[in-house]
Every structure is written in structure tokens, then in C-alpha cells.
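This briefing sets out the architecture of one protein chain, followed by selected residues and their surroundings. Please consult the sequence and the model shown below while reading.

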Amino acid sequence: MGFRCGIIGLPNVGKSTIFNALTAAGAEVANYPFCTINPNIGIVPVPDDRLEKIASVIHPSSRTFTTMEFVDIAGLVKGASRGEGLGNKFLGNIRDVDAIVHIVRCFDNPHVTHVHGVLDPARDIEVVGTELLLADLETVERRLQRLEKSTKAGDKEQGGALTLYQMMRETLGRGVPARRVNLNPDEESILKELNLLTAKKVLYVANVGEGELRTGSSYIATVEEIARVDHSEAIVICGDMEAEIGALPEEDRRAFLEDLGLRESGLQTLIKAGYNLLGLITFYTAAGGQLRAWTVPEGTAASRAAGKIHTDMERGFIRAEVLHYEDFLRAGDIVAARERGFVRVEGRDHPIADGDIVYFRF
């Protein structure tokens, strides 16, 4: 598994349209609020030109892409944290995702109902953000109540957690999301147990009409500025066009994008932005005729990367034989790379780099 993204936004912003385009999972799409009753889940392979090129040289019996999982929940409205509009019921479905993809409507279309009547991306972002804050505040309050009871009963070991949660209650109450709070490693470990929604990194997606992909708009500029202030990222996608691309045969997609003057699809843009936001890298293994791509956080030690494949490999780790993708291309194949000294032997603490081809000895 690569990483998991929860898709959120107001009703009728194009969440399910984009979800369908990205995953081809057939989620229901309709022009009325709350058409997504049950959360939609789709897993897609991550497009990877490097894996394709490695495969074209070594001709494995099988190749496996790393993946991205999308969880599309019901549209959120004001009051969702209190159960309005079905939103609160499904906030729990995105508590264990790695990041949140916030779809923001940036297209004018009188035939698609806006839940607030008038398009205003800044207000829409604030409404959804407030509901996440209120949901987190409720989570912290519940934990505080339990901790206060245990500390009164004499459990002094919980004192640090109690202080932290009291601080978080005050911070969330001021409208500051948890991801903006500077914490030390111990505090991060304590807070991680709550899976706070506002602690997750956010990728803002401006869903636009086809024309705005080329010309831009004030709506897009608003989303980009909010993302900058939030130390997040923002990308622009045309959901309707992505649906067209997804319906095309693979061999026709590149030509379609070139005709539009685009270098990559919205899915590729989203994945790259997600990897960058979360600090993720991809490495490769080629053993037993199987070529596979794996996703880990940047700086992951070789032994931990081996554990991504199987826990026994981490426990019994001996060494890693590492060949970088660029050196592989220069050499022409793995045998030639060994002969030219491009294959390095590394220990358990060596950080795996993006594009490394690794053979683990264990």
C-alpha cells in the first residue's frame, strides 16, 4: 500500500466525480446534496515511468505498482460535527488516512446546485475547516474527561498528557488546526493516538471548468493563497475532463493531454503533490522474477524499508545492495551496473533514496 487519502468538501463540489475519474470505482454521482451515503473506497496503481523502464530492461514475470487509496465521504455542511447532513457519521472513516484531499468548487454552473447558493471558495473552505475543528474539539474533550478522572484517582503518570490535551482544547477553541501546533516528539506520540482530523496534512484541489485550466481565475488564486497560509499545497483539476481521460484507452490518453497542452493528468498531478506533501519516496525490488514499487517516508532506514516488504526481513536484516535508478540506466542493466561498481552495499541504518533499486539480504 502506498498511502491513503480522505476526500472531503461541501456537497456538489465534484468530489465523487473526481473520485470516479481517479479510481474508476463507479461511485454514485448525482446533482443533489448527500448522494454519497456510504463512503466510497477506491485503490489505484500509482503511474510510474521508472518502473516501466526497469521492466523493459529486466523483463520480469510480474510487475507491481505501489498504490494510493481514496476514501470519499459524504459532503460536509455547517453543523456536520453535530450530525447535520450526515457528515459527522462519516468523519470517523477518514481518521486513519495519511492526508486529506479537500475538493473546493471553483467553477460556475447554474445547473449544479451550490449548497450556499453563491460560489465563494474562501467561505466554503472555512465551513469545512470549522467542522473538522469542532469534531476534533469534541474528541479532545472526551479524552480530557477520562484523564481528569484518572488523575484525580491518583494516576500521576498521565499528567503530561493532561497538560497537552488542555493546551490542544484551548488551541482548537481559537480556531487553530492541530497541524499548526509545534510539538516535541513525545507530544506528537501522545497526540497521534487521537487521530485528530486537523492534525493531518491537507492538499487543496481547485475543481475548475476546462477553460480555467489554461486561463486561471480569481477562485483558483483564493484557494492557492489559503493553501500557502496553511503551509499546504494546492493543485488545479477539471473533474469533468479527468472523467473523459479516465474513459479513454491507455494509449489514447497521452495524445488527449497533448492536444490540451497538458503534460500529465490530474491523477498524476495529485499523486506528485501528495508525495511531496507527505515527504514520500518510491524504491524498487526485483527478486524471483517480480518487480515491485514500494512507498516509504523520505529518510527511511534500509532495515525499516525491508520491513515494509515483510517483518521477518527487518528482524533478520543483514545488508542491502543498492543501485540507483539513474545508475541503472547508465549501465544498461543490473549485471553491467555491478561490473561498473554502481551497486553499493549498505547497512541497516542507511537511508533509502527515491529511485533506489534494492536487494535485501536477510
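The model is predicted. Its chain contains 15 helices and 12 strands, and 46% of its 362 residues count as buried.

**Chain as a whole**

- Among contacts with a separation of 6 or more, 68% are made by residues 24 or more positions apart.

**The sheet and the helices packed on it**

- An open sheet is formed by 6 strands, which follow the order β2-β4-β1-β5-β6-β7 with mixed pairing.
- Its edge strands are β2 (40-45) and β7 (233-237), each of which pairs on one side only.
- From one strand to the next, the twist averages 25 degrees.
- Helix α1 (residues 15-23) packs on this sheet and touches β1 (3-8), β2, β4 (67-72), β5, β6 and β7. The direction of α1 makes about 35 degrees with that of β2.
- Helix α8 (residues 218-229) also packs on the sheet, where it touches β5, β6 and β7. The direction of α8 makes about 155 degrees with that of β7.
- Strand β5 (residues 99-105) runs parallel to β6, and 7 bridges join the two. Within this part of the sheet, I100 stands opposite V202 in β6.

**The pair α9 and α10**

- Helix α9 (residues 239-247) packs against helix α10 (residues 250-259) at an angle of about 145 degrees, and their axes are 8 Å apart.
- On the α9 side the contact is made by M241, E244, I245 and G246, and on the α10 side by R253, F256 and L257.
- Sorted by class, the residues of this contact are 4 nonpolar, 1 polar and 2 charged.

**Salt bridges**

- Side chains of opposite charge can pair when their charged atoms come close.
- The whole structure holds 22 salt bridges.
- R143 and E193 form a salt bridge whose closest N and O atoms are 3.5 Å apart. This pair links distant parts of the chain, 50 residues apart: R143 belongs to helix α4 (residues 121-152), and E193 to the loop between α6 (185-192) and β6 (201-207).
- R143 counts as buried because its relative accessibility of 18% is under the 20% cut-off. E193, by contrast, is exposed, with a relative accessible area of 57%.
- D124 is bridged to R123, with the closest N and O atoms 2.8 Å apart. D124 counts as buried at 3% relative accessibility, whereas R123 counts as partly exposed at 24%.
- E170 forms a salt bridge with R174, and here the closest N and O atoms are 2.6 Å apart. R174 is exposed because its relative accessibility of 53% is over the 50% cut-off, while E170 is partly exposed at 43%.

- T171 lies in helix α5 (residues 159-173) and counts as buried, with 4% relative accessibility.
- Apart from neighbours within four places in sequence, T171 is in contact with V176 and V181.
- S303 is located in helix α12 (residues 302-309). Its relative accessible area is 5%, so S303 is buried.
- Neighbours within four places in sequence aside, the contacts of S303 are with E314, F317 and R348.
- The C-alpha atoms of S303 and G316 are 8.9 Å apart in space, and the two residues are 13 apart in sequence.

Note on methods
Residues numbered from 1 in each chain as written. Predicted model: local features only at pLDDT ≥ 70, side-chain atom pairs only at ≥ 80, totals over all residues. Heavy atoms only, no water. Helix = DSSP H or I, 4+ residues; strand = E, 2+ residues; numbered from the N terminus. Buried < 20%, exposed > 50% of the residue type's maximum accessible area, 1.4 Å probe, protein only. Contact = heavy atoms within 4.5 Å. Salt bridge = Lys/Arg side-chain N within 4 Å of Asp/Glu carboxyl O. Axes fitted to C-alpha atoms, helices over the stretch in contact; angles between N-to-C directions. Nonpolar A, V, L, I, M, F, W, Y, C, P; charged D, E, K, R; others polar. Pairing = 2+ DSSP bridges.
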